[in-house]
Amino acid sequence: MKTKNQKYSENKLYYNPDRGEFTSRGNLLFEITLGGNTITSCCLRGGNNHRGIEKILETKRYNQAYPWLVKCDDRAGEINNLAFSLAVETLLDLKIPDRVSWIRTVISELYRISSHFNWLNFIAKNLEEYFTAGRTEKIICRIESLLQKLKGRRGSCNFIRVGGLRENISSNFLSDCSHLIKYCDKQLNPIKKDFLNSDIFTARSRSLGEISLEKALDLGITGPALRACGVEHDMRKTDPYCSYEELEFAVPVGENGDVHDRCLIRFEEINQSLNIMKQSLQEISPAGAWQENSGKINIPSKEKSNSSTEALIHHYKLCREGFKIPAGEIYQPVESPRGELAFFIVAGGDNKPHRLHIRPPSLAATRGAIELIPGNTPEDAALIVDSFDINSGEVNR
Amino acid sequence: MCEPETISRINNFIEKKISGQHSYIVHSQSTDHRIEINPMDLVRVCRELKNTDPFYFLRLADITAVDFPKKDKRFHLNYVLYSFKLNHRLHLKLTTGREKDLPSLGGIWPIAETLENEITALFGLFFSQKFSRKNRFFKIKNSIYPLRKDFPAGARFRANNCKYNL
């Protein structure tokens, strides 16, 4: 019998797509109401991870925003930094060296691969395919160790800045990337054969969680989930940024909009990202410019500030006040591993943004998952939610 | 992305759809195509833009609210629409001093309910959807709207019963 103070009722389940990471732990609960073995309704219990990032960033200077932006996404935080930097650079009308664009392309694809392998690891563990999970964990460790060499720590990062990069890439980064690409290339076929083409996965995922194209558009779904419905829409092709205009790559597209198509598309995107990285690595020279030249946006190097009074003054001003942006508005979208990630910045002529809004792709995906869950069993509901690759850090911000 | 021909076609189309008394301002910047629109015309214009050939703005990408406390029309709402056919992004800007009975796009795009719920919780702007206490994004104490400029950044409050209603 249900009492007034009873927190959990008998016919309710709580599913937490928890990957055990610092931005997603226990912060997004799907409250599922059961009628027998099928789900009758679903809603979302969340908000525990709401850190007030948008409000906080209104009080921070533009060059203090990077650590906060990275907190929105645990596995591809650098793409948040990229979108922010592109937006601010457009408002400032800055010209970025070509070498920086190519390096940014390589880094964003590296994070895309890391995010997709992380998702694959999670979904393999949920389906108890521990062999595949072990393979993907090895790959993730190798990517993390490469990123550790690049920026000094694993996990959240801070490499892409407005005006360029935090520092120049090391001499071994390019060769390490090419070794990683060869290693990942070898691992993809066994994973596809053992997991994605297996009878168990195909039987469970085919015709599960089908969403029509009209519904996906009405719900604002983007990214692999929209491409699974048959729309060849990728921000890197339709609205190219960095160096994507000069690259040749395919955009994988599905037919049915079900769980199987969403998973296959993400896997194929890993392949395309490796292809993009191979092409980009040929364009990057080992030595060259790694930030724009004016010295008024990024802190100048030690040698310059020790030898030039002007550079020293810029160094002091940047640390004390930051840089100012003339009044204006910008909406900058990029393609994140989950869909269209966009930044809407309203600049007031000051060194702090008047309003900074992050458009998360996971919010629409969560809405889509909630629409699809009723009528399925709890196990299938878990698979549907996992196929959308929802990040609670983005939804809650 | 913002081709001049596309911009002029969309501007001409919208000019015919708005009510005769209220004018609109076109901000044709190099990066974004922005149109300021009256709240009375918003729903009709969006429905026409979604369903009419050759525009087909099938996707509502985002709704953002901005607070300018020193201006008469304090709240600025920015609606971002996207057309796959034209590969064009349109920003419809709505300025209002009202906090209640704002036009809702929930009947055209269901995702608008989610985005409007978020704005209601954070800015205290109420849209004319079927709104009740149960449908709130967060259940916060009355008149505490964190993203308004009069709410201090360092303040703390407890959000009770954080049940999302997307």
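How many bridges join strand S2 (residues 33–36) of chain B to S5(B)? There are four, and the two strands run parallel. Before we go on, some ground rules. This is a predicted model, in which local features need pLDDT of at least 70 and side-chain atom pairs count only at pLDDT 80 or more, while totals for chains, interfaces and linings use all residues. Residues are numbered from 1 along each chain as its sequence is written, chains are lettered from A and ligands numbered from 1 in the order in which they are written, and side-chain values use heavy atoms, leaving out hydrogens and water.

Let's stay with chain B. It has three helices and six strands; here helices (H or I, at least four residues) and strands (E, at least two) are DSSP runs, numbered from the N terminus. Walk along chain B from the N terminus and the elements come in the order α-β-β-α-β-β-β-α-β. Of the 166 residues in chain B, 54% are buried. For the record, buried means under 20% relative accessible area, exposed means over 50%, and partly exposed is in between, using a 1.4 Å probe and protein chains only. Now take the contacts in chain B with a separation of 6 or more: residues 24 or more positions apart account for 56% of them. A contact means heavy atoms within 4.5 Å.

S4(B) and S5(B) make a hairpin with four residues between them, and Asn87(B) in the turn has a positive phi of about 50 degrees. Leu86(B) sits in the loop between S4 and S5 of chain B. With a relative accessible area of 22%, Leu86(B) is partly exposed. Leaving aside neighbours within four places in sequence, Leu86(B) is in contact with Thr6(B), Ile10(B), Pro54(B) and Phe55(B). Thr6(B) is 80 residues from Leu86(B) in sequence, and their C-alpha atoms are 7.7 Å apart.

Over to chain A, where there is an open sheet of three strands in the order S6-S7-S8, paired antiparallel. Strands S6 (328–336) and S8 (353–359) of chain A are the edges, each pairing on one side only. Neighbouring strands of this sheet are turned by 15 degrees against each other on average, direction ignored. Helix H3 (residues 77–92) of chain A packs on the sheet and touches S6, S7 and S8 of chain A, with its direction at about 150 degrees to that of S6(A). Such angles run from 0 to 180 degrees between N-to-C directions, and axes are lines fitted to C-alpha atoms, for helices over the stretch in contact.

Within the sheet, strand S7 (residues 339–347) of chain A and S8(A) pair over six bridges. One pair to look for is Val346(A) with its bridge partner Arg355(A) in S8(A). In strand S6 of chain A you'll find Ser336(A), which counts as buried at 2% relative accessibility. Not counting residues up to four places away in sequence, Ser336(A) touches Ile79(A), Arg112(A), Leu341(A) and Pro361(A).

Next, a pair of helices. Helix H4 (residues 98–126) of chain A and helix H5 (residues 130–151) of chain A pack at about 150 degrees, with their axes 9 Å apart. H4(A) and H5(A) are therefore roughly antiparallel to each other (angles under 35 degrees count as roughly parallel, over 145 as roughly antiparallel, 65 to 115 as roughly perpendicular and the rest as oblique).

Last stop: Ser387(A), in helix H15 (residues 378–387) of chain A. Ser387(A) is buried, with a relative accessible area of 0%. Among its contacts, not counting residues up to four places away in sequence, are Trp119(A) and Val259(A).

Technical notes:
Pairing = 2+ DSSP bridges.
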